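Colleague: I am new to reading models of this kind. Please go through this one with me and say what stands behind each term.

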Amino acid sequence: MGVVDHYEDFYASHDHMPGSSRTMRVKGTVVFARGGATAELREHEGNPGINPQMLPLDLVLTPPGYDAPTTPALHPVPVEWSVDDPSIEYRQVQFFVVGTDDEPPPVIDVEHPE
């Protein structure tokens with residue numbers, strides 16, 4: 001069952017600024033077709049694939065319960081995932097939707113501010 005209306009502003013950045021913790025962050029917004037749903041980014045629990053510079057993340061979507069009150073308006077839910085000083089210099093992020101049959105956000109490039 002699909003619950004997502006669309007995705008907004010997905011962005012990945014691996015900070016290389018002097019004095020920083022070299023944190024890699026992935027952020028975005030899941031816009032649900034109605035209220036009551038939740039979203040969370042987690043480390044991917046499956047095969048990481050063949051490209052070691054592609055970070056796989058699970059986008060866990062939980063639709064509202066069948067008897068839960070919902071609102072018919074669009075419902076934006078921000079998501080964020082981060083890791084300090086990752087061992088791999090990732091170049092892209094790929095998302096895998098868990099919990100619904102929605103399409104994932106597109107693959108995004110990782111920005112590397114120095």
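This is a predicted model: local features need pLDDT of at least 70, side-chain atom pairs count only at pLDDT 80 or more; totals for chains, interfaces and linings use all residues.

Colleague: Where is Arg 91 found?

Modeller: Arg 91 is in the loop between β5 and β6. Residues are numbered from 1 along each chain as its sequence is written, and side-chain values use heavy atoms, with hydrogens and water left out.

Colleague: Why is Arg 91 called partly exposed?

Modeller: Buried means under 20% relative accessible area, exposed means over 50%, and partly exposed is in between, with a 1.4 Å probe and protein chains only. Arg 91 has a relative accessible area of 40%, so the value falls in the range between the two cut-offs.

Colleague: What does Arg 91 touch, residues up to four places away in sequence not counted?

Modeller: Arg 91 touches Gln 53, Ile 108, Asp 109, Val 110 and His 112. Contact means heavy atoms within 4.5 Å. Asp 109 is 18 residues from Arg 91 along the chain, and their C-alpha atoms are separated by 5.9 Å.

Colleague: What makes Gln 92 partly exposed?

Modeller: Gln 92, which is in strand β6, has a relative accessible area of 26%. Gln 92 and Ser 13 are 79 residues apart in sequence, with 9.8 Å from C-alpha to C-alpha.

Colleague: Is Asp 9 buried or exposed?

Modeller: Asp 9 counts as exposed, because its relative accessibility is 64% and the cut-off is over 50%. Asp 9 lies in strand β1 and has a positive phi of about 55°, although it is not a glycine. Asp 85, also not a glycine, has a positive phi near 50°. Asp 85 is in the loop between β5 and β6, and at 46% relative accessibility it counts as partly exposed.

Colleague: How do you know that β1 and β2 pair?

Modeller: Two strands pair if DSSP finds at least two bridges between them. Strand β1 (residues 4–14) and strand β2 (residues 23–32) have eight bridges, in the antiparallel sense, so they meet the definition. Ser 13 stands opposite Arg 25 in β2, and His 14 stands opposite Met 24 in β2.

Colleague: What joins β1 to β7?

Modeller: Two bridges join β1 to strand β7 (residues 108–111), and the two strands run parallel. The requirement is at least two bridges, so this is a pair. Ala 12 has Val 110 as its bridge partner in β7.

Colleague: Why is β2 called largely enclosed?

Modeller: Eight of the ten residues of β2 are buried, so the rest of the structure largely encloses it. β2 also pairs with β5 in the antiparallel sense, over ten bridges. There Val 26 stands opposite Trp 81 in β5.

Colleague: What makes a nonpolar core?

Modeller: A nonpolar core is a set of buried Ala, Val, Leu, Ile, Met, Phe, Trp, Tyr and Cys residues joined through side-chain atoms within 4.5 Å. The largest one here has 24 residues, of which Val 26, Val 30, Phe 32 and Val 93 touch the most other members. β1, β2, β3 (38–43), β4 (54–62), β5 (75–84), β6 (92–98) and β7 each supply at least two residues of this core. Val 26 is in contact with residues including Tyr 11, Leu 41, Val 79, Phe 95 and Ile 108, leaving aside its neighbours within four places in sequence.

Colleague: What pattern does the protein chain follow along the sequence?

Modeller: The pattern is β-β-β-β-β-β-β, with zero helices and seven strands. Buried residues make up 37% of the 114 residues. Of the contacts with a separation of 6 or more, 71% come from residues 24 or more positions apart.

Definitions and conventions
Helices (H or I, at least four residues) and strands (E, at least two) are DSSP runs, numbered from the N terminus.
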